[in-house]
Amino acid sequence: NRVESCFGEHTVYYVHFSIKGMEFLKVGYTKNTVEKRLNEMRYEGEKPVIIDKFREYKYQAKGAYDFETTLKKTVKPYIKKNNLRMPGKGELYDVSYKDEILKQYDSICYDYSQVIGLKRTNWYIMEWTKPFTIHSTS
């Protein structure tokens, strides 16, 4: 339910995973577990395999959203270009920057522990073509 994703506890995660023979680092947030998030049927072809979980800290919805937004801005130079068809493909990072991203995560993670509030909902329009694509309307 989209409304339920706007409040309550969320996890901001930092993981190392592989998909289609390629390895990436990923930062994200979810109301589910990291395993459930990465095993959603939104990935083309095969499911990602988690190699390592570096961080999984819990925040209220707005704090998680704000933390992830700030973290993604600071680690943007480490993005690894790819041609995958999946949500968040622009948020995949080169594994050679593991320690730099971890330092950024750890340097700001406590700044958001007391942030309480609702986050905006994630609205998507699905195109039911082969293969399907997901477009954000925000």
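Okay, some housekeeping. The model is predicted, so local features need pLDDT of at least 70 and side-chain atom pairs count only at pLDDT 80 or more, while totals for chains, interfaces and linings use all residues. Residues are numbered from 1 along each chain as its sequence is written, and side-chain values use heavy atoms, with hydrogens and water left out.

So, the layout. The chain has 3 helices and 6 strands; here helices (H or I, at least four residues) and strands (E, at least two) are DSSP runs, numbered from the N terminus. Starting from that end, the elements go β-β-α-β-α-β-α-β-β. Of the 138 residues in the chain, 36% are buried. By buried I mean under 20% relative accessible area, with exposed being over 50% and partly exposed in between, for a 1.4 Å probe and protein chains only. The chain exposes about 8200 Å², and carbon and sulfur atoms supply 52% of that; the areas come from the Shrake-Rupley method with a 1.4 Å probe, and for residues only the protein chains shown count as cover. Contact means heavy atoms within 4.5 Å. Take the contacts between residues at least 6 apart in sequence: 67% of them join residues at least 24 apart.

Now the sheet. What is the strand order? It's an open sheet of 4 strands, β3-β1-β2-β4, with antiparallel pairing. Two strands pair if DSSP finds at least two bridges between them. As a reminder, strands of a sheet pair through backbone hydrogen bonds, either parallel or antiparallel.

Look at β1. It pairs with β3 in the antiparallel sense over 10 bridges, and E9 has Q60 of β3 as its bridge partner. With β2, β1 makes 9 bridges, again antiparallel. There, H16 stands opposite L25, and I19 stands opposite M22. How many residues of β1 are buried? 10 of the 11 are, so β1 is largely enclosed by the rest of the structure.

The turn is worth a glance. The hairpin of β1 and β2 has 2 residues between the strands. K20 lies in that loop, and its phi is near 55°, a positive value in a residue other than glycine. K20 is partly exposed, at a relative accessible area of 37%.

Is H16 buried or exposed? At 13% relative accessibility, H16 counts as buried. Its side chain makes a polar contact with the side chain of E23, at 2.7 Å. (A polar contact is a pair of N or O atoms within 3.5 Å; within protein, one must be able to donate a hydrogen and the other to accept it, and residues adjacent in sequence count only if both atoms are side-chain atoms.) Leaving out residues up to four places away in sequence, H16 also touches residues including V49, F54 and V95.

Then there's F17, also in strand β1, and buried at 0% relative accessibility. Not counting residues up to four places away in sequence, F17 touches, among others, M22, P48, M86 and L92. F17 and V95 are 78 residues apart in sequence, yet 9.5 Å apart in space, C-alpha to C-alpha.

On to helix α3, residues 98-108. Its buried residues are I101, L102, Y105 and I108. Down the axis of α3 they fall within an arc of 150°, so they line one face of the helix; the arc is that of the directions from the helix axis to the C-beta atoms. Their cover includes β1, β2, β3, α2 and β4.

Last, the cores. A nonpolar core is a set of buried Ala, Val, Leu, Ile, Met, Phe, Trp, Tyr and Cys residues joined through side-chain atoms within 4.5 Å. The largest has 19 residues, and Y14, F67 and I101 have the most contacts inside it. β1, β2, β3, α2 and α3 each give two or more residues to this core, and the largest share, 4 residues, comes from α3. I101 touches Y14, L25, V27, V75, Y78 and Y93, again not counting residues up to four places away in sequence. A second, separate core of 10 residues includes Y13, F17, I19 and F24.
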